[in-house]
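Student: I would like to learn how to read pockets and cavities in a protein model. Can we work through one case?

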Amino acid sequence: MVCLDLEGVLVPEIWISFAEAAGIPELKRTTRDEPDYDKLMNYRLDILKKNKLKLPDIQKVISGMNPLDGAAEFASALREKTQLVILSDTFEQFAKPLMKKLSWPLLMCNSLKTSDDGVITGYSLRQKNGKKEAVKAFKSVNMNVFAAGDSYNDIAMIKEAHAGCLFRAPQQIRDVCSDLFCVDTFDELFAVIGEFLN
């Protein structure tokens, strides 16, 4: 089976897209920049609060987003060969319209806490180190797992899998993880996964 990160791999970074739409460059900070997820999310929630931005504001931007060029075709071709699971630190409330555009792969992610009027008050992790723990669980039922992602929060998942690689990772992550192979196109990623499956 193949476990992939979502943002930066199959779809654009949601927070960057929203930052651009809202005109708030501070919200462009992602897990590519900040290894501490809790610190990153509290930073984001503080900015949303200061700017009186709510969940529907973010969802409106997401509704206009599309998968990265070639991503839907890549995911479809991959699902003809093996099981595909998306392991992401995004949120159920963000991901649904994007999953529809990817033909509904299995998504395991987190959830947001919101008030009745749509203010995001916090978030709930599916579990601590959820990506790595999901791969461990799949391995425990004798699944052979390949994993790929582009951010700090994908490294443990990739290293836990039987095989894996970075995909379109920024240079600072390539430098930190020089032991991990990195590819930059869907054709390259498909070929590496094909070798694993064979």
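Tutor: We take the pockets and then the cavity. This is a predicted model, where local features need pLDDT of at least 70, side-chain atom pairs count only at pLDDT 80 or more, and totals for chains, interfaces and linings use all residues. Residues are numbered from 1 along each chain as its sequence is written, and side-chain values use heavy atoms, with hydrogens and water left out.

Student: What is a pocket, and what is a cavity?

Tutor: Both come from a 1 Å grid over the protein atoms alone. A cavity is a set of points where a 1.4 Å probe fits but cannot get out. A pocket is an open set with protein on both sides within 12 Å along at least five of seven lines. Lining residues have an atom within 4 Å of a point. Grid points are joined across faces, edges and corners, and a volume is the space filled by probe spheres set on the points.

Student: How much space lies in the largest pocket?

Tutor: About 390 Å³. Its lining has 20 residues, and Tyr37, Asp89, Lys128, Asn129 and Gly130 lie nearest the centre.

Student: Which elements supply at least two residues each to that lining?

Tutor: Helix H2 (37-50), strand E2 (84-91), helix H6 (130-140) and helix H7 (155-160). Helices (H or I, at least four residues) and strands (E, at least two) are DSSP runs, numbered from the N terminus. H6 gives the largest share, three residues.

Student: How does the lining of the largest pocket divide by class?

Tutor: Seven residues are nonpolar, six polar and seven charged. Here Ala, Val, Leu, Ile, Met, Phe, Trp, Tyr, Cys and Pro count as nonpolar, Asp, Glu, Lys and Arg as charged, and the others, Gly among them, as polar.

Student: Which residues line the second largest pocket?

Tutor: Among them are Asn42, Leu45, Asp46, Lys52 and Val119. The space is about 180 Å³. H2 provides the largest share of this lining, five residues. By class, the lining has five nonpolar, two polar and four charged residues.

Student: How many cavities of 30 Å³ or more are there?

Tutor: One. The largest cavity has a volume of about 140 Å³. Of its 15 lining residues, Glu7, Glu13, Thr31, Asp89 and Thr90 are closest to the centre.

Student: Which element gives the largest share of the cavity lining?

Tutor: E2, with four residues. H2 and E2 each supply at least two. The lining of the largest cavity has three nonpolar, six polar and six charged residues.
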